[in-house]
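Trainee: I have a model open and would like to go through it. Can we take it by questions?

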Amino acid sequence: MSRYAMAIDTKRCVGCTDCVVACQTENDVPVGYCRDWIVEATSGVYPELQLEIRSERCNHCSDAPCVRCCPTSASHYAEGGIVMVDHDDCIGCKACIASCPYDARYVHPEGYVDKCTFCIHRVKEGENPACVSVCPTHAMIFGDLDDKNSEISKVLQTRKHKTLIPEAGTKPNVFYLL
Amino acid sequence: MTKRFKRRQFIKILGAGTGGAVLGTTALKAFQPGEKTDNFHLLGKATDAATPTYCEICFWKCAGWVHKKDGKPWKITGNPDDPNSNGRFCPRGTGGIGAYTDPDRLKTPLIRVEKNGKQVFREATWEEAFDYIADKMKMIKKKWGPECVALFTHGSGGSYFKTLLKAYGSNNIAAPSYAQCRGPREEAYLLTYGEGVGSPERTDIRNSKCIVLIGSHIGENMHNGQVQEFSEAVANGATVITVDPRFSTAASKSKYWLPIKPATDLALLLAWINVIIEEELYDKEYVKKYTYGFDELKKAVKHNTPEWAYPITTIKPHIIRETAREMARHAPATIVHPGRHVTWYGDDTQRVRAGAILNALLGSWGRRGGFYAQAKAHVKKYPVPKFPKPKKNWKDAFPNQFPLANLALSSGICDATIPTAERDCSFKGWIVYGTNLMLTLPQPQQTLEAIQNLELLVAIDIMPAEITGYADVVLPECTYLERYDDLRISPGRFPTVALRAPAFEPKYNTKPAWWMAKELANRLGLEKYFPWKNIEEYLDYRLKSIGSSLKEMKEIGVKKLENEEDLYYLDGEEYEFNTPTGKIELYSTALAEYGFDPIPRYTAHEEPPDGYYRLLYGRAPMHSFSRTTNNPLLTDVKSENEVWINPKVAREWGIKQGDYVVLENQDGVRSNRIRAKVTQRIRHDAIYMVHGFGRSDKRLRRSYLRGADDTHLITRVKLDPVMGGTGMRVNFVTFRKEGEA
């Protein structure tokens with residue numbers, strides 16, 4: 001078994017949006033839509049400020065509300081726990097969009113719901129997702145959490161990290177290194 | 001044909017024109033869309049295999065591969081052998097496909113004509129366009145001399161027009177990247193070390209333990225390899241000291257953020273020098289062995305104590321001391337970054353020199369973690385006959401001014417186009433390649449006046465732009481993905497050569513620059529300067545001189561060559577610098593000779609009046625100037641700019657987050673509306689915006705009137721007397737509500 005996950009280093013990330021553009025070209029995401037995006041969160045008062053830059057996307061949650069609520073089972077777990085949408089089975093009811101705490105899904109102009117796939121087509125070929133492989137600052141790590149020797153397992157053992165909206169209880173598989 | 005328009009009106013590019021309607025000269029057949037056999041010839045490959053390219057979206061020129069899927073354009077990825085990108089493109093490079101797919105591209109040659117009393121563009125054939133240009137150029141040569149034609153250029157294809165202009169008899173070739181950008185930096189380092197910093201910069205950031213950024217917003221300027229190294233250094237725990245009135249991305253990665261009062265950077269640099277000398281933190285051996293003028297320097301900065309700098313810069317004395325000690329602690333693996341866009345206040349050569357002096361005191365030039373020695377490939381040039389010697393050049397218009405300008409000033413040529421009683425060198429023709437002068441040159445009112453005095457204005461570009469609207473002839477270039485270009489020969493830690501080959505056939509009726517220049521040369525009787533049959537032959541000749549070939553380069557994209565020199569000075573190595581004294585000149589003998597301060601000296605700059613704020617501008621990582629603001633992929637991630645306003649200032653003016661405001665500068669010039677970004681991340685005495693937005697050409701459908709154009713508000717400059725750079729951060733703005741009188 002594998003459990004695919006992503007770790008994003010907020011210390012390295014400069015928020016350049018290359019992950020967004022690379023995803024769009026790799027996956028033919030139509031102009032005006034995106035499967036991943038950048039958040040810049042500022043805190044503090046001048047001149048004592050902090051800035052956290054995050055590349056966000058579907059968290060491929062281990063307990064994914066989108067999978068649970070999908071009436072046609074179009075949203076499902078594929079290999080390695082990757083949450084996928086079967087375009088043919090999707091009826092575009094948007095229940096999954098309403099249930100996702102991360103707002104990670106959108107309706108594709110062709111009528112189905114679309115979102116990040118962790119580039120499963122590349123992962124199957126042994127490659128990293130497009131966003132990971134393009135990131136100029138090497139801020140992203142992709143790998144298998146069930147493999148204790150994988151880079152991502154190691155980094156999560158040594159670096160302080162968090163997930164987004166953990167209180168939603170969805171068990172996200174995208175981690176942010178702090 | 002030779003009639004001159006009394007007053008050039010701005011013409012919006014016709015939207016309806018597609019290339020198909022105006023094709024038809026036999027000479028051009030090889031490049032017409034739809035001719036498959038020629039297409040295969042052009043591509044060299046008939047499969048979905050990747051085509052090598054180097055990026056043209058910015059000057060970093062990363063090398064990569066263009067991929068197709070089912071024969072259609074798909075994506076661009078980095079070439080792992082390329083040190084500029086290390087196999088990872090930045091968002092602009094990744095989004096380069098958008099330059100190709102943009103439906104608003106220039107599609108066919110255009111000629112300005114008068115129709116019912118109104119100036120319009122008519123679609124023309126290439127032959128007509130070339131004949132028009134050649135006739136005018138011949139006329140100007142005969143009447144005023146060839147020196148009266150100037151070339152403004154930015155980008156790879158400009159090299160062919162440089163050849164054309166030199167062959168024609170003019171060496172008035174300017175790039176706004178000099179007087180409007182990094183000119184003062186190159187001159188300052190040349191004066192100090194006898195060498196410039198170069199591009200990509202010779203900064204050894206990857207190995208730095210302490211990085212000092214003063215006005216350099218790495219991460220927002222997406223100079224790929226440099227950003228990569230910066231991130232790596234941060235991850236490895238390097239101390240970053242960022243001096244910026246704005247809490248930039250880099251500042252957020254820094255141990256120290258020094259929110260300096262704008263226009264006072266030189267005072268801080270001098271105070272740092274003072275601390276490093278007074279506390280004897282400098283590299284004594286290095287200073288003794290390699291530098292000239294230490295005693296004079298020590299004396300000159302004696303009074304520039306942190307206490308002196310505090311009221312000027314607002315940076316507390318203990319922070320100035322602490323950061324200076326931090327620099328010294330990590331020296332020589334400390335780098336005071338020389339910056340890139342440094343034309344701020346008119347004393348820019350002096351300010352950058354202060355940083356160069358600081359680097360010398362820390363011993364970081366020629367040391368690991370400081371500055372390395374660049375290596376560049378020696379590639380044989382294709383032999384051409386000797387160029388004619390011009391009888392005059394742009395400098396004649398500025399007697400005894402800017403004595404240390406080593407390159408032509410775009411702004412100087414612009415000024416010298418406006419005739420005055422004293423000037424004998426008024427320009428009559430401009431060829432503008434790949435640079436949108438209305439947004440790159442400050443004082444757009446001057447640029448417009450200059451344009452009205454021209455007999456000929458040719459614009460070569462990919463996109464309609466403000467400058468193309470004022471041209472007599474517009475030549476539509478195909479994108480870098482549709483053409484060969486000259487080899488990329490970048491300096492770096494080791495020499496590399498990269499190839500750009502066409503991945504797609506040119507869309508519409510567009511052509512590569514090399515072909516345009518060669519065709520124009522034929523019409524001007526200058527064909528001997530373009531002796532190669534076609535670009536493949538030209539490239540193959542050059543590549544053979546480094547033991548490669550066009551065939552090999554199409555397969556590998558980037559060729560790495562051996563570095564024969566050491567990256568750093570060896571311990572105790574004797575070294576002669578290319579300066580008048582043969583030493584690193586802390587005291588510049590050249591500056592002294594021309595009557596300038598041989599050691600930088602702080603002078604106060606004008607401050608914004610009450611209710612006004614200093615206009616600062618910069619870059620966003622997904623855009624290159626105005627060049628990308630209509631790219632469908634890149635406008636998708638950032639479609640307009642915002643004006644950054646400190647919350648206290650916003651409260652005073654009743655401006656809320658996301659409101660549209662209009663900016664008005666000290667001369668009463670107003671901007672287009674721009675959204676307010678009310679943020680703690682900027683000081684109260686300045687506002688900030690990203691450059692390149694607020695486009696005024698309607699045919700740029702995604703960028704038309706999106707956000708504001710900073711250049712429009714830069715109606716005054718302060719000239720750098722050393723080299724003629726145009727200091728542009730000397731404009732002040734206030735707020736107006738949309739529609740307010």
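Mentor: Start with a definition: accessible areas come from the Shrake-Rupley method with a 1.4 Å probe. Keep in mind that this is a predicted model.

Trainee: What share of the accessible surface of chain B belongs to carbon and sulfur atoms?

Mentor: Take the total for chain B, about 26400 Å². The share that belongs to carbon and sulfur atoms is 50%.

Trainee: What radius of gyration does chain B have?

Mentor: Begin with the extent: the C-alpha trace of chain B spans about 75 × 65 × 55 Å along its principal axes. For 741 residues, a compact globule would have a radius of gyration near 27 Å. Chain B agrees with that, at 26 Å.

Trainee: What percentage of contacts in chain B join residues at least 24 apart?

Mentor: Chain B has 24 helices and 26 strands, and 65% of its residues are buried. Now count contacts between residues at least 6 apart in sequence. The part that joins residues at least 24 apart is 75%.

Trainee: How far apart are the mean positions of the positive and negative charges of chain B?

Mentor: There are 105 positive and 87 negative charges in chain B.

Trainee: Is Ser410(B) buried or exposed?

Mentor: Ser410(B) sits in helix H15, residues 410-415. Its contacts beyond four places in sequence include Phe152(B), Pro176(B) and Leu441(B). Buried means under 20% relative accessible area. Ser410(B) has 0% relative accessibility, so it counts as buried.

Trainee: Which residue has its backbone oxygen 3.5 Å from a polar atom of the Ser410(B) side chain?

Mentor: Look among the contacts of Ser410(B), which include Ala174(B), Ala175(B) and Ala179(B). The backbone oxygen at 3.5 Å belongs to Ala175(B).

Trainee: Which elements do the buried residues of H17(B) pack against?

Mentor: Helix H17 of chain B covers residues 444-452, and its buried residues include Pro444(B), Thr447(B) and Ile451(B). The buried residues of H17(B) pack against H15, strand S13, helix H16, strand S14 and helix H24 of chain B.

Trainee: What is omega for the peptide bond that joins Ala331(B) and Pro332(B)?

Mentor: Pro332(B) is in the loop between helix H13 and strand S12 of chain B. The bond from Ala331(B) to Pro332(B) is cis. Chain A has a cis bond too, between Tyr46(A) and Pro47(A), with omega about 0°. For Ala331(B) and Pro332(B), omega is about 5°.

Trainee: What is phi of Ala263(B)?

Mentor: Ala263(B) lies in the loop between strand S10 and helix H9 of chain B. Ala263(B) is buried, with a relative accessible area of 6%. Its phi is positive, in a residue other than glycine. The value is near 80°.

Trainee: Is Ile165(A) buried or partly exposed?

Mentor: Ile165(A) is in the loop between strand S9 and strand S10 of chain A, with phi near 45°. Ile165(A) has 34% relative accessibility, so it counts as partly exposed.

Trainee: How far apart in space are Asn304(B) and Pro385(B)?

Mentor: Asn304(B) is in the loop between helix H11 and helix H12 of chain B. Its side chain makes a polar contact with the side chain of His303(B) at 3.2 Å. Asn304(B) and Pro385(B) are 81 residues apart in sequence. C-alpha to C-alpha, the distance is 55 Å.

How values were computed. Residues numbered from 1 in each chain as written. Chains lettered and ligands numbered in written order. Predicted model: local features only at pLDDT ≥ 70, side-chain atom pairs only at ≥ 80, totals over all residues. Heavy atoms only, no water. Helix = DSSP H or I, 4+ residues; strand = E, 2+ residues; numbered from the N terminus. Rg over C-alpha atoms; globule rule 2.2 N^0.38 Å. Buried < 20%, exposed > 50% of the residue type's maximum accessible area, 1.4 Å probe, protein only. Contact = heavy atoms within 4.5 Å. Lys, Arg positive; Asp, Glu negative; His and termini not counted. Charge placed at Lys NZ, Arg CZ, Asp CG, Glu CD. Polar contact = N/O pair within 3.5 Å; in protein donor to acceptor, adjacent residues only side chain to side chain.
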